[in-house]
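Subject: Handover of the structure

Hello,

Here is the structure I promised to pass on. Please open it first, then read my notes below with it on screen.

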Amino acid sequence: MRRSRRMAAAVSALAVAAGGLVSAAVIGVGVGPALADHCDPAEATQSPPAQQGEQDQNRNRNQDQNQDQDQPQDQEQQAPDEQSPDQQAPDEQQDEQQDNGGQDADQQAPEQQEQAPEQQEQAPEQQEQAPQGGGAAVLDPAESAEPEESASTFGRRGRPNPTRTATPIQTPTPSEEPTEDPTEPPAGEPTEEPTGSPSPSPSPTATGGAEEECADLGPFPEDFVDIRRVSPGQGDARIGRNGSSGSFVSQCGTNRNGHNNPDNFIVAPGVSNGAHHLHDYVGNLSTDAFSTDESLAAADTTCRQSDKSTYFWPVLRDRKSDENVEDPDGNVGQVLRARSVSLQFRGNATSDVVAMPRFLRLITGDAKAATNGTANARAAWTCSGFQNRITPDKYPLCPRGSQVIRILDFPSCWDGQNTDSANHRTHVVFPDQSGACPQGTKAVPQLRMTLTYSVPQGPSYALDAFPEQKHNPVTDHADFANVMPDRLMQTVVSCINRGRRC
């Protein structure tokens, strides 16, 4: 019997050691240094593992800890009374052997080998108990430091635990969006992706926990599409016999001088941060919230041929980069400067063009299209090498070696009188599908901005936007004010009407 008690104590010690090792392993998993949280939508494309019932774990931790602490004592107390005849048999044989002269330690090995399976059977029970408690609390990196519930601070906390990531949009699941490497050819023929945009939701500063706040900022996995799954489009209207087929390109650079601000003197004159997102500017060097016709005319420019016009658009950001984390509007990430900027003035499909009046102000697209609807939306996204595939409401995922392209076409049918209007749209409208201007309007040179970017692989970039727009790609837009000298504008008109490329 003394031998039985010693063996029971050994079994208890082994069980406690196994439980401690498993607990230590569990504690070590995922407790590395906190990674910077960039609200990277690429994280949401990975299906989260099956949840283990956090509430059940928390509820059972104390109970499991008590069980683990009491288990050795219970086993030791129960061992003498509850051992089966098979377990007692080796001890009886040992007593007989001792009476007959005893055996050496090597002859006891078979008895220990017979007991080893029993110890192995108990070890899995300890392993199953360890994740729920195991005598020590399981550390969750996402819970180790609770951040403030503000869009201005989400960039400073750890990356959300994938088992707790919240996705507020219950439209296509991540598996419905292309998550494979863009270099791999898609299966089957290219198909159109869903074009629905996220429904309006509260400002990210009004959300609850950290994960919900990050997920609520956008963009979302369904805002991206593999460009090879986009069907080829029809393209521009064909230029007729009476149309104007020439073009003129104003060369103004790519904003290497870093002219940026969140203003918009056309839509919100005199209001600093009136756009609530950062703009890139080329051309006129003085453009800000307080610009006037007079101040623009007196300023210098980055454009050639003394084109003092101002061209601007919302910046694109690398959302994997933990920069601008204090931005109150959630525009976080490193600004991506366009690799190339083309400012091309084109003709009309059915008629010649007339000169733009100086100080004509134009906007294209709708910065609030995600909530206003798409009536005024004019976003057009594509990839180099795939320009015949245009997506109006998705960020394109381009194959390696291909660059993201934004195409922003401006209205070009002028009412002949006004340089601006109350809604900044009715004085200059778009041609119809045939390319003809509505009756009572005159065709002016149509500005097309083409912006090319190198972006990080995967769904990890986004436009700056108003907070409630969730960085939806349908909100892409741009602004223009004509400050060309009259002589330069006449050159533009001549090139276009004569079919020249200038």
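Cys 383 and Cys 398 are joined by a disulfide, with an S to S distance of 1.9 Å. The link of Cys 383 and Cys 398 is left-handed, at -80 degrees about the S-S bond. It connects distant parts of the chain, 15 residues apart. Cys 383 sits in strand S10 (residues 381-383). Cys 398 sits in the loop between strand S11 (395-397) and S12. Both Cys 383 and Cys 398 are buried. Please keep in mind that this is a predicted model.

**Other disulfides**

How many disulfides does a search of the whole structure find? The search gives 4.

Another one of them joins Cys 252 to Cys 303, S to S 1.9 Å. This link is right-handed, with 105 degrees about the S-S bond. Cys 252 is buried, with a relative accessible area of 4%. Cys 303 has 9% relative accessibility and counts as buried too.

Cys 413 and Cys 437 also form a disulfide. Their sulfur atoms are 2.1 Å apart. The torsion about this S-S bond is about -80 degrees, so the disulfide is left-handed. Cys 413 is in strand S13 (residues 413-414) and Cys 437 in the loop between strand S14 (428-429) and strand S15 (442-443), so the pair ties together parts 24 residues apart in sequence. Cys 413 is buried, at 0% relative accessibility.

**Strand S16**

Next, look at strand S16 (residues 446-453). How many of its 8 residues are buried? The count is 7, so the strand is mostly covered.

S16 pairs with strand S8 (residues 340-346) in the antiparallel sense, over 7 bridges. In that pairing, Ser 340 stands opposite Thr 452 in S16. Strand S12 (residues 404-409) also runs antiparallel to S16, joined to S16 by 6 bridges. Here Val 404 has Tyr 453 in S16 as its bridge partner.

**Salt bridges**

The count of salt bridges is 7. The side chains of Asp 236 and Arg 448 meet at 3.1 Å, N to O. This pair links distant parts of the chain, 212 residues apart. Asp 236 is in the loop between strand S1 (224-226) and S2, and Arg 448 is in strand S16. Asp 236 is partly exposed, with a relative accessible area of 49%. Arg 448 is buried, at 16%.

Another salt bridge joins Arg 317 and Asp 464, 2.6 Å from N to O. Arg 317 lies in strand S6 (residues 316-318) and Asp 464 in the loop between strand S17 (461-463) and strand S18 (477-481), so this pair ties together parts 147 residues apart in sequence. Is each end of this pair buried or exposed? Arg 317 is buried at 5% relative accessibility. Asp 464 is buried at 2%.

There is also a network. Salt bridges that share partners join Asp 236, Arg 346, Asp 409 and Arg 448.

Asp 226 and Arg 228 form a salt bridge as well, with the closest N and O atoms 3.3 Å apart. Asp 226 is buried, at 2% relative accessibility. Arg 228 is buried, at 15%.

**Aromatic rings**

The structure has 9 aromatic pairs. Among them are Phe 265 and Phe 312, with ring centres 6.2 Å apart and planes at 40 degrees, so the pair is tilted. Phe 265 lies in the loop between strand S3 (260-261) and strand S4 (279-283) and Phe 312 in strand S5 (residues 310-314), so the pair ties together parts 47 residues apart in sequence. Both Phe 265 and Phe 312 are buried.

Which residues form one aromatic cluster? They are Phe 224, Trp 381, Tyr 395 and Tyr 461.

The charged end of Lys 368 sits over the ring of Phe 466, 4.7 Å from the ring centre. Arg 378 lies over the face of Phe 430, 3.6 Å from the ring centre.

Best wishes

Note on methods. Residues are numbered from 1 along each chain as its sequence is written. This is a predicted model: local features need pLDDT of at least 70, side-chain atom pairs count only at pLDDT 80 or more; totals for chains, interfaces and linings use all residues. Side-chain values use heavy atoms; hydrogens and water are left out. Rings of Phe, Tyr and Trp (its six-membered ring) pair if their centres lie within 6.5 Å; planes under 30 degrees apart count as stacked, over 60 as edge-to-face and the rest as tilted. Helices (H or I, at least four residues) and strands (E, at least two) are DSSP runs, numbered from the N terminus. Buried means under 20% relative accessible area, exposed over 50%, partly exposed in between (1.4 Å probe, protein chains only). A charge sits over a ring if NZ of Lys or CZ of Arg is within 6 Å of the ring centre and within 35 degrees of the ring normal. Two strands pair if DSSP finds at least two bridges between them. A disulfide is a pair of cysteine sulfur atoms within 2.5 Å. A salt bridge is a side-chain nitrogen of Lys or Arg within 4 Å of a carboxyl oxygen of Asp or Glu.
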